[in-house]
Amino acid sequence: MRPFAYERATSAEDALQRHNDGAVYLGGGTNLVDLMRLGVEEPSRLVDVAHLPYDQIELRPDGSLIVGSAVSNSALAADRTVREGHPVLAQAVLAGASGQIRNLATVGGNLLQRTRCSYFQDASKPCNKRNPGSGCPAREGEHHNLAILGHSEACVATHPSDMAVALAALGASIRIQGRGGERTIPIEDFYRLPDNEPQRDTTLEPGDLITAVEVPPLGVPSRYRKVRERASFAFALVSIAAALDVDAGQVRDVRLALGGVAHKPWRAWRAEEILRGAQATRESFLRAAEAELEAAEPLRDNAYKVPLARNLIVQTLTELGEGS
């Protein structure tokens, strides 16, 4: 591991001043430290922001939430207001990691965790995400758990966060403190597809610090479901965050996001559009799922994800509809 300096920020302003070329913010470190050990990340300075005053969850009168970036994953999943008002979010967090990791990991760090593509994590291999212009060996190599939607010639990696998938379905926004002041970015615009710059996971600017996540009210049944290769903690082959509002057998509103299929949490906008106003039947859910997945471009060994995602959408929406 490359030698680095360690500094603890005392405020957001102090963190911004300490952040320069080669510096990286440190939250719980559950992903960053692993990447440093692998030689994938080699920061010259770690700026510890885990102790900044962003460790609270605020319930607003309208049912929305303000979740501080330093809130631990365990605290988020255990919070009563989250479990009762946004169960899909609590379920996603609990699906994401072991209790020990959740105790240490922070909301801000979870949003910024990096892909588990084996080529990205192996510093001896080419990888456009790690070394732009070096190539993407995953396209012809090991890619059974990589992207089927929104990928490019430069990268077929998938985003690993379960929490982010739930937040995408909920239409959350990310509060950012940057050198130009504070701003808020919708999560749909926070993450990006790889295009020809796969090294950029997000639209953050250098030095930007996540301070909180704004989560709109929900008020309808919701669920997070994750399909993985083993029952113990593993990253998603495909996952879904879904919320469904049914009135007199008709879909009044629906929110869908998929994980494990793209470089970012994949909001299923096309499926949602088809379902609003449709009958809440298995046939409608199947039609919407197939329409959403028409854009899929599976590689040699991951075409199984298309029927897996389709079945996951249909089954999850059917169960939510039956419970309405």
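## Basis of the description

The model is predicted, with local features requiring pLDDT of at least 70 and side-chain atom pairs counted only at pLDDT 80 or more, while totals for chains, interfaces and linings use all residues. Residues are numbered from 1 along each chain as its sequence is written, and side-chain values use heavy atoms, with hydrogens and water left out.

## Overall form

The protein chain contains 13 helices and twelve strands; these are DSSP runs numbered from the N terminus, helices being H or I of at least four residues and strands E of at least two. Its radius of gyration is 19 Å, close to the 20 Å that the globule rule gives for 324 residues, so the chain is as compact as a globular protein of that length. The radius is taken over C-alpha atoms, and the rule is 2.2 Å times the number of residues to the power 0.38. The C-alpha trace spans about 60 × 50 × 35 Å along its principal axes.

Of the 324 residues, 52% are buried, meaning under 20% relative accessible area with a 1.4 Å probe, protein chains only. Among contacts (heavy atoms within 4.5 Å) between residues at least 6 apart in sequence, 63% join residues at least 24 apart.

## Nonpolar cores

A nonpolar core is a set of buried Ala, Val, Leu, Ile, Met, Phe, Trp, Tyr and Cys residues joined through side-chain atoms within 4.5 Å. The largest has 38 residues, and those with the most contacts inside it include Leu76, Leu167 and Phe190. Helix 9, residues 162–170, gives the most to this core, with eight residues.

Leu167 touches Leu89, Leu111, Ala172, Ile187, Val213 and Val215, leaving aside residues up to four places away in sequence. A second, separate core has 28 residues, among them Val246, Val254, Leu258 and Leu293.

## Cavities

A search of the whole structure finds three cavities of 30 Å³ or more. On a 1 Å grid over the protein atoms alone, a cavity is a set of points where a 1.4 Å probe fits but cannot get out, and lining residues have an atom within 4 Å of a point. The volume is the space filled by probe spheres set on the points.

The largest cavity holds about 80 Å³ of space. Its lining has 15 residues, of which Cys117, Cys127, Cys136, Cys155 and Ala157 lie nearest its centre. The second largest cavity holds about 40 Å³, and the residues lining it include Arg114, Lys129, Asp201 and His263.

Key: Buried < 20%, exposed > 50% of the residue type's maximum accessible area, 1.4 Å probe, protein only. 1 Å grid on protein atoms, 1.4 Å probe; cavity = no way out; pocket = protein on both sides within 12 Å on 5 of 7 lines; lining within 4 Å.
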